[in-house]
Amino acid sequence: KDFSKQFSGFSSPIAAESFNYKKFFEMVGLKKKSPEDVKKVFHILDKDRSGFIEEEELKFVLKGFTPDGRDLSDKETKALLAAGDKDGDGKIGADEFATMVAES
């Protein structure tokens, strides 16, 4: 099942250095999704299935929603990681991701 089809509202390109995860989650409708759907999105973004979204995976977060999404810059990636990594372990767990979406 192509989960990204549920996020068809996301088609506009995001200009370089302008990524804002709160606006992005709102734009793709993630905030209105059920906890189960948010968890599904987490697993899509967790490419190596480690149970965490690491910095390398965060760089490609836009591609999780649209194949032609751009890579985040290092600055944007680090800002996203800092926003989501509540326990300071350098990665975002499923609960941290759910909290980040809920607080967006």
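Student: What makes K78 and E55 a salt bridge?
Tutor: Their closest N and O atoms are 2.7 Å apart. A salt bridge is a side-chain nitrogen of Lys or Arg within 4 Å of a carboxyl oxygen of Asp or Glu, so the K78–E55 pair qualifies. K78 lies in helix α4 and E55 in helix α3 (residues 55-58), so the bridge ties together parts that are 23 residues apart in sequence.

Student: Before we go on, what kind of model is this?
Tutor: A predicted one, where local features need pLDDT of at least 70, side-chain atom pairs count only at pLDDT 80 or more, and totals for chains, interfaces and linings use all residues. Residues are numbered from 1 along each chain as its sequence is written, and side-chain values use heavy atoms, with hydrogens and water left out.

Student: How many salt bridges are there in the structure?
Tutor: Six. Among them is D74 with K59, at 2.7 Å from N to O. That pair links distant parts of the chain, with D74 in helix α4 and K59 in the loop between α3 and α4, 15 residues apart. Another is E103 with K86, whose closest N and O atoms are 3.4 Å apart. E103 is in the segment after α5 and K86 in the loop between α4 and β2, so this bridge ties together parts 17 residues apart in sequence.

Student: What counts as a helix or a strand here?
Tutor: Helices (H or I, at least four residues) and strands (E, at least two) are DSSP runs, numbered from the N terminus. By that rule the chain has five helices and two strands, in the order α-α-β-α-α-β-α from the N terminus on.

Student: Why is D87 called exposed?
Tutor: D87 has a relative accessible area of 52%, and the cut-off for exposed is over 50%, so the label holds. D87 sits in the loop between α4 (74-84) and β2 (91-93). D48, in the loop between α2 (35-45) and β1 (52-54), has 48%, so D48 is partly exposed.

Student: What does D48 touch?
Tutor: E54 and E57, not counting residues up to four places away in sequence. Contact means heavy atoms within 4.5 Å.

Student: And which residues is K91 in contact with?
Tutor: Leaving aside neighbours within four places in sequence, K91 contacts F52, I53, E54, L81, D85 and E96. K91 is found in strand β2 and, at 25% relative accessible area, is partly exposed.

Student: What makes a group of residues a nonpolar core?
Tutor: A core is a set of buried Ala, Val, Leu, Ile, Met, Phe, Trp, Tyr and Cys residues joined through side-chain atoms within 4.5 Å. The largest one has 23 residues, of which F19, F25, L30, V61, L80 and F97 touch the most other members. The elements giving two or more residues to this core are α1 (21-27), α2, α4 and α5 (94-102), and α2 gives the most, with four residues.

Student: How do you know that the buried residues of α2 are on the same side?
Tutor: Those residues are D37, V38, V41, F42 and L45. They cover an arc of only 150° around the axis, so they sit on the same side of α2; the arc is that of the directions from the helix axis to the C-beta atoms. Their cover includes β1, α3, β2 and α5.

Student: What share of the chain is buried?
Tutor: Buried residues make up 42% of the 104 residues.

How values were computed. Buried means under 20% relative accessible area, exposed over 50%, partly exposed in between (1.4 Å probe, protein chains only).
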